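User: I've got a chain loaded up and want to talk through its packing and its rings. Can you take my questions one by one?

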Amino acid sequence: MSVLRWGCGAGGLGRVLRSCGRRGLPAEEGTLGVGLGPRRSSSASPREQDLRKDWGHAELLEVLEARVRQLQAESVSEVTVNKVDVARLPESGGGGGSFQPPRKAQVGAKGAAPQPSGRWAEKLDKEKQTLQKRKQQLEMKLQVQAQRLSQKLKPKPLKMEPQLVRRQLADSLQCWAQGTPESPSEEQLAQALQKVPQKLSPKEEQALADREVEAQLTGQQQKLLAFFECCLLTDNLRLAHHVLVAHHGNPHKQQLLTLAMYNTIMLGWARQGSFKELVYVFIMVKDAGFSPDLLSYAAALQCMGRLDQHARTIQRCLEQMAQDGLQLQDLFTAVPLSEEERAALLRAIVKVQPTFSPPPRSPPQVNTSVLLREIYAKDGPVSYPKLHLPLKTLQGLFQQQLHMELTTSVYVESVEKAAVLTKEVMHARKTLKNLRVQWEAALHRALQETKASLARQAHKGRPTLYPFMCLLSEREFVQLLMQALPAQGESLVCVAQELGRRAFSRHMVQKQQLNNQVQALEQRYTQYLHLLASDTQVAEPHLPRQYWEALGPPEVPQEKSFPLPVLLQLGRQLAEVLVQAVQMPRSPASPPGSCGLIPVLYHVYSFRSFRQIGILKPHPAYMQLLATAAEPTLTFETVDVPMLCPPLPWTSPHSGAFLLSPTKLMRSVEGTTQHQQLLECCPPAELHGALDTLTQLGNCAWRVNGHVLDLVLELFRDKGCSRLGVPPPPSEAPRPPEGRLPRDTPPAQKAELRRELARCLKVAREMHSLRTDALYRLSLAQHLRHRIFWLPHNMDFRGRTYPCPPHFNHLGSDLARALLEFAEGRPLGPHGLDWLKIHLVNLTGLKKRESLRARLAFANEVMEDILDSADQPLAGRKWWMEADEPWQALACCMEIARAVRTPDPATYISHLPVHQDGSCNGLQHYAALGRDSVGAASVNLMPLDLPQDVYSGVAAQVEVFRRQDADQGLQVAQVLEGFINRKVVKQTVMTVVYGVTRYGGRLQIEKRLREFSDFPQDLLWEASNYLVRQVFNSLQEMFSSTRAIQHWLTESARLISQAGSAVEWVTPLGIPVIQPYHQEAKFMVKGGIQSITCSKAWDSSQKPNTQKQKNGFPPNFIHSLDSSHMMLTALHCYRKGLTFVSVHDCFWTHAADIAIMNQVCREQFVRLHSQPILQDLSAFLVKRFCSSPR
């Protein structure tokens, strides 16, 4: 084996060169001692065998020397010791062939060492000299190998000068490198600009055109571009240049390079003012056959402006730019540059053209949509709401949020029942604490070694993960990995993706801190708070986005996230470090060092849905240690927690929501890019409606309903209550059967037991998932119970809005909604209490077909039950538990009780949100689109005395069809007598407008029929299949135009997708929409402990999935109309000073403002459907897909 293999690198080499003799015997000073480890069976090369032979001789020499010292030590004073002599043959006659007898050696004076004599001693000396020579030769060989190894391990100098293909450019570069007077430094760029590439063949031109299409970059090209961009982010520009030169000099690898990659490196050198290196890249651009674009010239001119280059060079650059058909003005409008970069660019241009001035910043554009004309009108009454908090308080909240985002993590105390602090618990927590200290040190070492190895590979010209491992320091990576250490088995793909995403997000936060952007944000945000604070005034009323834009120039777009394969590769590398470095004693209770170490995480494979996936599984000992310790703290990422101050207003697709953490305007699957590209290409004014709506929704201040939270925690810490949506603890999970079956157990019984075991495991997993979700929600609620907080919003690709924090928001279950109330209260006024009572009756679900007056009367009748529920929710008559939404009903009961017990209920300050929900909103939009008066009446779009219930109407129509079939003798119709009601058909009616198929509808109805204990189970399939047909027939009769519109949308999507395009449209408020349904494509991230294979159905380079495109178009189009109506309602309510939030088609506001919100809601629905929506859609589709190709 080679020295490198033995020593495992430089550290091993040091061990080889260390002086170490045979065990138990000290090596001689000044000699090279070689320690041999345990022998391993392996095939060795002849060179390695020679080395082994030499080392064996060296060991033999040491043994002989020890023997001589032993013989010398055996000489005792006054004693004659027989020496073992070597028989010597006589040199001449005398004695014939006889041997000379051995001589006796006399011991001299006391203490004198006798000198060995005889031929054996001479031979020993000779052998000693021979072996010493061999030792010296071996030492010289090892020194030579050590020198070679050190040279090999020593990083090679990074190559800056490129190897060019075109002879003309190569000669010019050589002249410049030699410093010939014909080509001074300041002229080189101008000459490079004039070096026109040779005429390309048609084949080369086509290949070049294909390479310039960035949207079609291969996975390898995406990784390479991400490598260059990350090198710029982490100050590894020289390394990026070195890799670029290596690829450019290799004809095969050069095919991977795109103009964007060259521009990335040029921009980096321009920012540093490194003109020579920039010229190298510019020459490579020409050598590769590319034509410089605006970004190329912007980098070159920016660099010249920083270095104050000669005017003649700048002039030639501008002339060549004009010859390429590029406009000088476009440098300031089409290229994203910071203020400092714009100044350097302008400095260079003004040196040649003193009268030049950049184009003025375009004035703020105004949305011209007919639907939004009133929102952005300068005239008219405006009463934008302000927060109820003063400026000083808001500034303090901003500092708290800023600190939280800079630390990137939030630690929350768990609401799980606290463990009794026994000795066992305390010892487990102490053990965990000590282990974590050791793990942090081990992770730090492992990360350093990994980075060193990746750096050596990158110095060889390979685009490795080294710059990505520099996104954070080792200490910060260790913190990230310690937080990501899973407490239960998790998919490696999920762990890798989350680690990669978090690493990039934390880097973006740090970058803003290093670039002094935090200080600028603090100054701008303080000014922005003057618009929102209760004790400040502004000169003119503004929307938050408009006021923020007036405070300064627009923000430079943040760096885009890395491609998904790169994030997975980075995350997998970090996961590997975690698996390899984190270890614990085999028995945690043993004293340190008394037993061996075992990995905390194991990489295993498991089957899920017939697919083999890799899982990181904790060792049972670690899981037991965690369970015993029962630590009371949960850790969340900053973006997973509500904000402590008002969010940043949305001003563009890349700016808004959290203060520092990057947030997408349009949420999508990781790796999807087509939505963001559409938004970037959209005129900014077209997005104002969506941006202002999201800002307005995020500016609503919230607080926790402490009374409801206390009751929920009481149940949660006991045994839960599934009926009320409080998940029980794991101890309540069903137990699988114990014990072994007898050998003679029948196969049918074994199969039944296996099914029972699978059922128990399934239920246990579901209970664990629900319990964890509730634990997160309740822990955050307890953490925020005495605070005011905000929920920043973004939207999906259809325009539907969602809160960004996932665990605690108002879009959750009944329990989640009951925990929240408005932070700012409003007096009930003359009609607020009535609306609270009507809201309570709506939550019970008892009077759906009654008028508002009848519902109010019912609330007054049950007032005693309402007050009892508020006073004794868990010990009284528990009337609230029978409601459809029990926890929200309880919260409303408590609010009503406090209001009626106030001397003047009209003055009571109410914080409870009151809801107004749509009546089957999808059918409402279809009826309005088709001008279907019959269908409109059934979904409450017509003025009637009593509200209509479309679900009951469909159930009644289905019952008519059933009676007709039963009279004709149809058995299934006869069996269904008495089983058809509103609940059976509701889900299918609700979802049919959103694209549910007959198959899906049949499953929904079958699920409802199973709930009837007396329904014959053997007829479930036949009965559900019959009912779904009748439901569709009933809808066809009740909504004549709905199916026609759905059919037109479906056929349009089928034709568009079959032509090779994804369906696109623009919402009435101007939001561009594209359906992300494509043929499934797979990509593989190779290497490491596991090659990761991922499927993606959102890759826009793949063909559209025709089935999903046509099935998705009708519901997605209706969703986009639904979101447009909500946005119009939100903006007009904000203009009138109302607090407004929504859960899709369910609108919330204060009880006192319900009448105003209802009026706005109806007015905006009429205005929306007064537009020619279907005609506009048809015109857009014809223009987009039926005109000349793009």
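User: How many of the 11 residues of helix α20 are buried?

Analyst: Quick note that this is a predicted model. Helix α20 covers residues 474–484, and the rest of the structure largely encloses it. The buried set includes Phe477, Val478, Leu480 and Leu481.

User: Which helices do the buried residues of α20 pack against?

Analyst: Those buried residues include Glu474 and Glu476 as well as Met482 and Ala484. Their packing partners are α18 (423–458), α19 (466–469), α21 (492–514) and α24 (564–581).

User: On to the sheet with β10 in it. Which strands are at its edges?

Analyst: It's an open sheet of 3 strands, paired antiparallel, in the order β11-β10-β14. An edge strand here pairs on one side only. That makes the edge strands β11 (789–790) and β14 (820–822).

User: What is the angle between the planes of Trp702 and Trp1148?

Analyst: The whole structure holds 23 aromatic pairs. Trp702 and Trp1148 form an aromatic pair, with centres 6.3 Å apart. Planes over 60 degrees apart count as edge-to-face, and this pair is edge-to-face at 75 degrees.

User: How many residues apart are those two in the chain, Trp702 in β10 and Trp1148 in β23?

Analyst: Trp702 is buried at a relative accessible area of 0%, and Trp1148 is buried at 0% too. The pair links distant parts of the chain, strand β10 and strand β23 (residues 1146–1149). The separation is 446 residues.

User: Why is the pair of Phe1113 and Phe1117 edge-to-face?

Analyst: Both sit in helix α43 (residues 1106–1135), 4 residues apart, so about one helical turn separates them. Phe1113 counts as buried at 0% relative accessibility, and Phe1117 does at 3%. Their ring centres are 6.2 Å apart, and the pair is edge-to-face because the planes are at 70 degrees.

User: Which residues do ring pairs link into a cluster?

Analyst: Here the ring pairs join up residues into a cluster. The members are Phe398, Tyr525, Tyr528 and Trp548.

User: Last one: at what distance from the ring centre does Arg771 lie over the face of Phe716?

Analyst: There's also Arg798 over the face of Phe797, at 5.6 Å from the ring centre. For Arg771 over Phe716, the distance from the ring centre is 3.7 Å.

Technical notes
Residues numbered from 1 in each chain as written. Predicted model: local features only at pLDDT ≥ 70, side-chain atom pairs only at ≥ 80, totals over all residues. Heavy atoms only, no water. Pairing = 2+ DSSP bridges. Buried < 20%, exposed > 50% of the residue type's maximum accessible area, 1.4 Å probe, protein only. Contact = heavy atoms within 4.5 Å. Phe/Tyr/Trp six-rings, centres within 6.5 Å; stacked < 30°, edge-to-face > 60°. Lys NZ or Arg CZ within 6 Å of the ring centre and 35° of its normal.
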